Amino acid sequence: MARMTMIEAIRDAMDVKMGMDEDVVVFGEDVGYFGGVFRCTQGLQQKYGKHRCFDAPINESAIVGAGIGMATYGKRPCIEIQFADYVLPAYDQIVSEAARMRHRSNGQFTAPMVIRMPTGGGIFGGQTHSQSPEAIFTHVSGLKTLIPSNPYDAKGMLIAAIEDDDPVIFLEPKRLYNGPFDGHHENAVTSWAKHEKGEVPEGHYTVPIGKANVVEEGMDVTILAYGTMVYVAQAAAKEQGIDAEIIDLRSLLPLDLDTIVRSVEKTGRCVVLHEATLTSGFGAELAALVQQHCFKHLEAPVLRVAGWDTPYPHAQEWHYFPGPKRVGKALKRAVEAQ
Amino acid sequence: MSDQKMPEASGPLSISVPEPPGRPGDAPDFSYIEVPKAGAVECPAIDTKAEDMRHLAYSIVRVLSRKGDAVGPWAEFLGDDLNDESLLRGLKDMMKTRIFDARMLTAQRQGKTSFYTQCLGEEAIATGFQRMMRKGDMNFPTYRQQGLLIAGECSMFDMICQIYSNEKDNLDGHQLPCLYSFKEHGFFSISGNLGTQYVQAVGWAMASAISGDDKIASAWIGDGSTAETDFHSGMLFASVYQPPVVLNIVNNQWAISSFNGLAGGRNAPFAARAHGYGFPSLRVDGNDYLAVLAASKWATERARRNLGPTLIEWVTYRVAAHSTSDDPSAYRPKEESDAWPLGDPLERLKLHLIKKGAWSEERHTQAMAEIESEVIAIQKEAEKYGTLNRGKGPDPEKMFEGVYKEMPDHLVRQRLEFEA
């Protein structure tokens with residue numbers, strides 16, 4: 001075991017896979033020599049050479065498009081988009097090409113590739129360094145969409161993603177890169193060194209895709225969360241004295257519906273959290289599934305706490321980010337509903 | 001202030017919206033294309049630097065003279081590749097492609113398929129290029145390169161089954177007609193989204209080079225789609241990483257109803273685009289089968305010897321409608337294709353072979369009839385397995401397959417719901 005930040009865990013996952021499989025190729029903007037603007041690929045070019053880890057021009061559709069070409073040749077590209085906010089120029093390649101390659105060619109060509117991208121707010125990133133675009137990927141058939149919340153999961157999930165034969169969108173909450181964050185921005189930042197999930201095994205292991213993690217067991221209400229919101233959920237439940245069952249979904253698509261249904265059948269109440277904007281966000285899919293599969297067990301409406309339906313603001317960061325106060329209110333409403 | 005004379009002000013500012021030289025009812029006008037004499041353009045060594053052959057982007061490589069003779073340095077460059085047997089095969093590849101198109105056009109009119117795209121007038125380009133590709137190389141085609149398959153000896157039966165979306169369709173009905181995928185023939189899965197495959201071809205070639213392999217890739221795009229972002233993306237990555245790729249632009253003058261001036265094609269030839277990225281380009285008579293062979297050989301050899309990418313602009317004319325859903329008489333002169341200065345690729349190669357004594361009008365007529373019967377027989381065989389809306393068709397449940405390698409739970413649930 002080693003102590004790692006999420007950055008180190010992500011880097012270690014790529015290191016492990018590059019060492020095991022020479023078809024794994026890593027590239028993106030500033031990813032090579034410099035080691036990435038978040039240091040996630042530091043040292044990989046030095047260790048594996050410029051053919052395995054290299055810098056790319058500033059062109060997201062080319063990065064993804066060339067990655068698809070490589071994947072159809074037989075490589076396993078693990079590519080980086082510098083910020084999830086900048087993935088949109090590549091959206092055509094992701095949706096029309098990577099996601100559909102297997103289906104449209106009836107399995108002749110496949111796109112086993114990972115598209116990593118830092119996501120989420122809480123860092124004064126403003127409009128284009130804070131967004132959470134997961135819903136634009138979960139809506140696309142053929143893609144898998146993952147989001148880890150801690151170093152242990154980040155490494156195991158990224159190795160699983162690289163080994164997966166389908167294209168995987170790998171969202172990395174940059175707010176969690178150096179330590180967990182519960183939304184209490186007024187407090188000092190804590191580091192992964194003091195967190196149990198900062199213990200990361202060396203070498204190869206996987207966290208299976210499509211399996212949620214019950215972070216805390218509880219009886220009063222089920223909280224569905226992922227990424228940074230997992231820690232906000234924990235803080236909010238504790239502060240309200242509510243015995244919440246907190247589920248870190250980890251994999252949005254495929255989704256671990258069984259774990260969700262089992263929990264809501266037990267608690268009878270459900271609150272869905274995400275940083276992304278509310279309308280047509282992934283929370284809408286979760287709420288719909290819960291009401292469809294748990295209708296008879298529900299004792300209260302399914303509530304959603306999300307980012308407001310506005311672009312992500314700069315100065316109003318903490319009025320926008322769904323912190324423990326707003327989550328706490330929703331939890332109270334959910335458990336008090338008759 | 002200098003004493004330079006400034007142009008007169010011409011009133012308020014305005015934009016320029018390009019118009020083709022002729023609209024319906026007008027006389028065709030191809031004065032915008034300067035056609036050099038066959039043999040007039042030099043053939044540089046394949047390791048020539050881009051800057052030393054920039055002028056080739058502004059001319060047109062041509063081999064077949066008006067009289068049907070093979071002339072000039074590009075004919076010499078072909079060397080042993082220029083023999084009667086090879087050219088007769090090329091002629092037959094083009095004949096097959098044209099007859100296949102004509103039969104499928106009729107089949108669409110008869111309701112046997114929903115859609116078809118001909119390549120009438122452009123047969124030389126794909127069939128000629130394919131002759132210079134080797135097993136294991138990969139073409140990233142558009143929907144108008146069926147000639148790659150025919151010259152690559154793909155089964156016409158398989159092609160027709162795909163067009164009919166019948167029970168033998170190799171894509172199980174997932175794809176529109178003509179959006180083929182034949183990996184074993186080096187023919188990449190076609191997408192409806194224009195330009196996307198251009199940068200994928202570059203990535204595929206990068207992967208070959210990263211692996212130390214000897215395979216090359218070839219990208220295809222039309223004149224209209226060069227306006228897409230991914231054209232730039234492909235050119236950029238080709239320029240930066242110098243992978244073994246040939247970047248083809250088939251300039252058939254038209255993108256549905258838009259003439260190529262609307263894609264920026266009148267301000268500079270498409271071939272000139274390569275020089276902004278610093279790699280060589282050729283501009284080639286796309287209706288001259290020998291010129292196609294020669295330029296394809298030049299560019300593929302460059303790629304195989306790790307000399308980097310080449311752009312080729314194939315100058316041709318889209319004789320047919322854009323697709324079976326299009327009526328060109330609504331936007332261009334009816335007789336425009338007759339006036340096309342580079343003529344018909346089949347007629348031009350035929351003339352050459354007749355002149356050499358390797359072919360005759362009689363043999364040509366006979367060969368056309370033979371190929372037509374062959375295609376009809378294959379078509380009939382394919383129809384045994386159904387046409388669109390007739391026969392069994394692909395198993396409906398197959399629409400759930402291949403979305404992922406293994407079917408996730410939510411799709412399993414939907415398939416069960418579908419059955420119920």
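Predicted model: local features only at pLDDT ≥ 70, side-chain atom pairs only at ≥ 80, totals over all residues.

**Entry 1**

On the domain 1 side, α6 (134–138), β6 (144–146) and α7 (151–163) of chain A each supply at least two residues that touch domain 2 of chain A. Helices (H or I, at least four residues) and strands (E, at least two) are DSSP runs, numbered from the N terminus. I sorted that domain 1 side by class and found 14 nonpolar, 16 polar and 6 charged residues. Here Ala, Val, Leu, Ile, Met, Phe, Trp, Tyr, Cys and Pro count as nonpolar, Asp, Glu, Lys and Arg as charged, and the others, Gly among them, as polar.

Which residue forms a salt bridge with Asp153(A)? I found Arg250(A), with the closest N and O atoms 3.2 Å apart. A salt bridge is a side-chain nitrogen of Lys or Arg within 4 Å of a carboxyl oxygen of Asp or Glu. The count between these two domains is 1 salt bridge.

I noted the bounds too: domain 1 spans 2–200 and domain 2 spans 213–336 of chain A, as given by an automatic or database domain assignment. Their centres, taken over C-alpha atoms, are 25 Å apart.

**Entry 2: between chain B and chain A**

How many residues of chain B are in contact with chain A? I get 44, and they meet 43 residues of chain A, where contact means heavy atoms within 4.5 Å. I also looked up the salt bridges here and found a count of 1: Asp165(A) pairs with Lys405(B) at 2.5 Å, N to O. α6 (196–210), α7 (229–241) and α13 (409–419) of chain B each bring at least two residues to the side that touches chain A. The largest share of that side, 10 residues, comes from α6(B).

**Entry 3: how to read my notes**

Residues are numbered from 1 along each chain as its sequence is written, and chains are lettered from A in the order in which they are written. Local features need pLDDT of at least 70, side-chain atom pairs count only at pLDDT 80 or more, and totals for chains, interfaces and linings use all residues, while side-chain values use heavy atoms, leaving out hydrogens and water.
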